[in-house]
Amino acid sequence: MSLRIVVCVKYVPDATGDRHFADDLTVDRDDVDGLLSELDEYAVEQALQIADEADDAEITVLTVGPEDAKDALRKALSMGADKAVHVEDDGLHGSDVMGTSLVLAKAVEKAGYDLVISGMASTDGTMGVLPAVLAERLGVPQVTLLSEVSVEGGVVRGRRDGDSASERLEASLPAVVSVTDQSGEARYPSFKGIMAAKKKPVVSWDLEDLGIGADEVGLAGAWTVVDSVAQRPARTAGTIVKDEGEGGRGLAEFLAGQKFI
Amino acid sequence: MAEVLVFVDHVDGAVRKPTLELLTLARRVGEPVALAVGAGAAGTAGVLAEHGAVRVLTVDAPEFAEYLVVPKVDALQAAYEAVSPVAVLVPSSAEGKEVAARLAVRIGSGVITDAVDLEAGEGGLVATQSAFAASFTTRSRVSRGTPVITVKPNSAPVEAAVAAGAVEALEVSFSAQATGTRVTARTPRESTGRPELTEAAIVVSGGRGVNGAENFHLIETLADALGAAVGASRAAVDAGWYPHSSQVGQTGKSVSPQLYIASGISGAIQHRAGMQTSKTIVAINKDAEAPIFDLVDYGVVGDLFQVVPQLTEEVNARKG
Ligand SMILES: Cc1cc2nc3c(=O)[nH]c(=O)nc-3n(C[C@H](O)[C@H](O)[C@H](O)COP(=O)(O)OP(=O)(O)OC[C@H]3O[C@@H](n4cnc5c(N)ncnc54)[C@H](O)[C@@H]3O)c2cc1C
Ligand SMILES: Nc1ncnc2c1ncn2[C@@H]1O[C@H](COP(=O)(O)O)[C@@H](O)[C@H]1O
């Protein structure tokens, strides 16, 4: 039987651009160029490798996001995923992790899955908790923050390098996995891949398709509120000296003045 | 008085510093009740009581070590139900965040991660967070349910505050999911003898400019002279010069020490994301145009192979 892999990918504002908040204090996704979150490329890569090892596998990439989020799906398709699902609905604007995870859970169930693979964190929200919440909602094992992952005989195995120990983990499918940027460089889409992606199916679902009420998601349905946002004051210009042979001593002088020595 | 539930991070009973910082924050809103799970849990009570815990709930079972995350969620939920707290605070480690977020879904509450400050506000507990590589600061609240908030290390001082710290055994019945993900092997991280990266008052980091694993001793000896932790950029980690556990930045550790010294690091946005909130920033880089210099309080444009050993020597001489 075919292994059904769903990869959750997010479309995020470019980290090297001028990221900021919109007037309603949500992340501004219109003004700043977006892209497939770099950390989700690792998830796509591991899905492709797992699919290669499996007799028969199908990779669906899934995103919840605005219209432009299709770019992220296209990129994942050009890397080699088979098809894509775009959950798009005006009611989703301003969803927090609880809203987004609800939508992803319903979408993953509707798509059908044996294995869900996510990135370790989104580069804009950077919470890094969505995969755990998704596992909780789906009632399946969470095998997260893996720097190494493999699937064999309906069992997913991986290595999680934690703060105090490195652990080997094992769970039966279906399961939710997330992979870190230590899991292995993501491939670049080939020309052939880019051409092929244009023909791959991208379906769009809205909240109604998923049976989710408008009050469960979006800014109004969020379980957290942002009251205010402030740009951190630019750090005041410091002293910069060129080393003419005494740079280390000058620095020690500075540190002593600040009572660090 | 209202109680605040604090999830304890400890290693075999030795409580880690961020937990004590949480007790300081918890006391701003109510009386801290601590929950310690796993081997050595009961041994945490003494130090928790010295820092304000009125009660210490403890539970140990093989499940905590043998399975990933969910047994801890079950325990935190049991504690939540036993205490009915006004807030739940959890240290912002990778695991802590996962435990907190899963609890939040179960109890129908919003969750805020990586807070750097907390205070009581009119509409409830207000959390300060950093956004977009720490170029913005936000203030947010949980608007539904009991606030579940994870707090980063170095967000509050550790304060002595003697309280009863009465130890109570907590009953936990594990959920069906608790045994879903088995831990089949565990290799503890070797201690370097240096301070924990996320907790250190001083961090000395090296990047691609260090140019080889064999040169990292320059960074280490400076760190040791200052009593500091050692950090590394992703370029240095990817090159295999230093372990990933020492990586500072978006996909490594986020640090906020009193002093951060970057040597041979350019200051890419992803690196800045993990160190930009340090109090004092110092950089040594031979390229005067390196973006790291936009952040520094003091920068030396020069060759780190000259500057770092001279600095180390001078630090040792002054201590001497
Ligand atoms: C999704 C994603 C996540 C990432 N996460 C992280 C992260 O967590 N942490 C992180 O650090 N990076 C991260 N990066 C990588 C980041 O973008 C940079 O590539 C990385 O930080 C560069 O490391 P570096 O500054 O050591 O190297 P470089 O950018 O190559 O800079 C080396 C610097 O050393 C200087 N130098 C060289 N020789 C000397 C000398 N002898 N004396 C003095 N100075 C010298 C050079 O002038 C240069 O400025 C991430 C990237 C992505 C896409
Ligand atoms: N809107 C979204 N659509 C699809 N996947 C998402 C979305 N938001 C988060 N994810 C996935 O969840 C991971 C962790 O996200 P976060 O918890 O927001 O840091 C990401 O790396 C993605 O794989």
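The domain bounds used on this tour come from an automatic or database domain assignment. The model itself is predicted.

**Stop 1: the two domains of chain B**

Select residues 3-179 of chain B, which make up domain 1.

**Stop 2: where the domains meet**

Now look at the interface. From domain 1 of chain B, 10 residues are in contact with 11 residues of domain 2 of chain B. Interface size is often given as the accessible area lost when the parts come together. Between these two domains of chain B, about 770 Å² is buried. Carbon and sulfur atoms give 45% of that area. The count of residue pairs in polar contact between the domains is 6, with both residues at pLDDT 80 or more.

How many salt bridges cross the interface of domain 1 and domain 2 of chain B? The rule finds 1. For a salt bridge, select B:Arg16 and B:Glu199 and show their side chains. Their closest N and O atoms are 3.5 Å apart.

**Stop 3: helix α9 of chain B**

Go to residues 304-319 of chain B, helix α9. Its 16 residues should span 22 Å at 1.5 Å a residue, and the end C-alpha atoms are 22 Å apart, so the two values agree.

Step to B:Asp303, which caps the N-terminal end of α9(B). One of its side-chain oxygens lies 3.0 Å from the backbone nitrogen of B:Phe305.

Next, colour the buried residues of the helix, among them B:Leu304, B:Val307, B:Leu311 and B:Val315. B:Gln310, B:Thr312 and B:Glu314 are buried too. What covers the buried residues of α9(B)? The cover includes α7 (247-257) of chain A. From chain B it includes α6 (216-226), β16 (259-263), β17 (280-285) and β18 (298-301).

**Stop 4: B:Asp117**

Select B:Asp117 in strand β8, residues 117-121 of chain B. B:Asp117 has a relative accessible area of 25%, so it counts as partly exposed. Show B:Arg28 as well: the side chains of B:Asp117 and B:Arg28 make a polar contact at 3.0 Å. B:Asp117 also touches B:Leu25, B:Val126, B:Ala127 and B:Thr128. B:Ala127 is 10 residues away from B:Asp117 in sequence, and their C-alpha atoms are 5.8 Å apart.

**Stop 5: A:Ser37**

Finish in chain A. Find A:Ser37 in the loop between β3 (34-36) and α1 (38-53). Is A:Ser37 buried or exposed? Its relative accessibility is 0%, so A:Ser37 counts as buried. Show what A:Ser37 touches, including A:Lys10, A:Val12 and A:Thr123.

Key:
Residues are numbered from 1 along each chain as its sequence is written. Chains are lettered from A and ligands numbered from 1 in the order in which they are written. This is a predicted model: local features need pLDDT of at least 70, side-chain atom pairs count only at pLDDT 80 or more; totals for chains, interfaces and linings use all residues. Side-chain values use heavy atoms; hydrogens and water are left out. Helices (H or I, at least four residues) and strands (E, at least two) are DSSP runs, numbered from the N terminus. Buried means under 20% relative accessible area, exposed over 50%, partly exposed in between (1.4 Å probe, protein chains only). Contact means heavy atoms within 4.5 Å. The expected span of a helix is 1.5 Å times one less than its number of residues. A polar contact is a pair of N or O atoms within 3.5 Å; within protein, one must be able to donate a hydrogen and the other to accept it, and residues adjacent in sequence count only if both atoms are side-chain atoms. Buried area is the accessible area (1.4 Å probe) that two parts lose on being put together, summed over both. A salt bridge is a side-chain nitrogen of Lys or Arg within 4 Å of a carboxyl oxygen of Asp or Glu. Lists of a residue's contacts leave out its neighbours within four places in sequence.
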